[in-house]
Amino acid sequence: MIKLEHVSKSYSAGIPALNDVNLEIKDGEFVFVVGDSGSGKSTLIKLLLKELEPTEGTIMIDGKILGRIKHKQLPKFRRNIGVVFQDFRLLKDRNVYDNVAFAQKVVGESNSHIKKKVPLMLSMVGLAAKYRSYPKQLSGGEQQRVAIARALVNEPNILLADEPTGNLDNNNAWEIMKLLEEINSRGTTVIVVTHNLEIVKVMKKRVITIKKGTIVSDSKQGDFDDEN
């Protein structure tokens, strides 16, 4: 469960990036977050990851109030949240296997566990045969699949995808969205920030629209209207 109560975030200029946001996302939901550049979408993601602190209000994830989580507890907290970015953020000097394994090593998993887990994740995203390839040898869609495998290898409850199809052509974009939908069907809460309204309309999921730091609509499955 993700819950924001009267959350605002202002930067030095004083104009709120988010203004009195109230939001609840239940376990296992698939939610799109849409809005123009500068609307507050990225600020929302950073608040959920506790990379930023709200100026006002309370954020709760899985029963924990983020404001009470100490710095030394952050790695454990963030283990429950996988993140996928538009620019993939893969380690260019490591192959596919090592990119995914890196996320396991960071949290101290044993080598025996890693050797079992990483191939399973690569198989799930359809890249089992390319475990020795380096990022530069992969297409954009394949690189994003590696990023998704890395985000999921520690079995987080929540997956945040920030413009995951932004650098992909239409076919690869749809393949990635189908993969995210499959991941959601297995119980992971999926939150996708996107500008791609075509995908949003076709997939008929819950859609939260943000304008100038405020939620202007929260539509149920299939009710999205991009005229907001």
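Strand E6 contributes four residues to the lining of the largest pocket, the largest share from any element, where helices (H or I, at least four residues) and strands (E, at least two) are DSSP runs numbered from the N terminus. The model is a predicted one, in which local features need pLDDT of at least 70 and side-chain atom pairs count only at pLDDT 80 or more, whereas totals for chains, interfaces and linings use all residues. Residues are numbered from 1 along each chain as its sequence is written, and side-chain values use heavy atoms, with hydrogens and water left out.

The volume of the largest pocket is about 660 Å³. On a 1 Å grid over the protein atoms alone, a pocket is an open set of points where a 1.4 Å probe fits, with protein on both sides within 12 Å along at least five of seven lines, and lining residues have an atom within 4 Å of a point; grid points are joined across faces, edges and corners, and the volume is the space filled by probe spheres set on the points. Of the 19 lining residues, Arg78, Ile81, Val83, Ala103 and Val106 are the closest to the pocket centre. Two or more lining residues come from each of helix H2 (74-78), strand E6 (81-85), helix H3 (96-106) and helix H5 (140-152). By class, the lining comprises 12 nonpolar, two polar and five charged residues, with Ala, Val, Leu, Ile, Met, Phe, Trp, Tyr, Cys and Pro counted as nonpolar, Asp, Glu, Lys and Arg as charged, and the others, Gly among them, as polar.

Strand E6 also belongs to an open sheet of six strands, ordered E6-E7-E8-E3-E9-E10 with mixed pairing, two strands being paired if DSSP finds at least two bridges between them. E6 and strand E10 (214-219) stand at the edges with a single partner strand each, so one side of each is left without a neighbour in the sheet. Within this sheet, strand E7 (residues 158-162) and strand E8 (residues 189-193) run parallel and are joined by five bridges, and aspartate 162 stands opposite valine 193 in E8. Helix H5 lies across E6 and E7, running at about 165 degrees to E6; axes are lines fitted to C-alpha atoms, for helices over the stretch in contact (heavy atoms within 4.5 Å), and angles run from 0 to 180 degrees between N-to-C directions.
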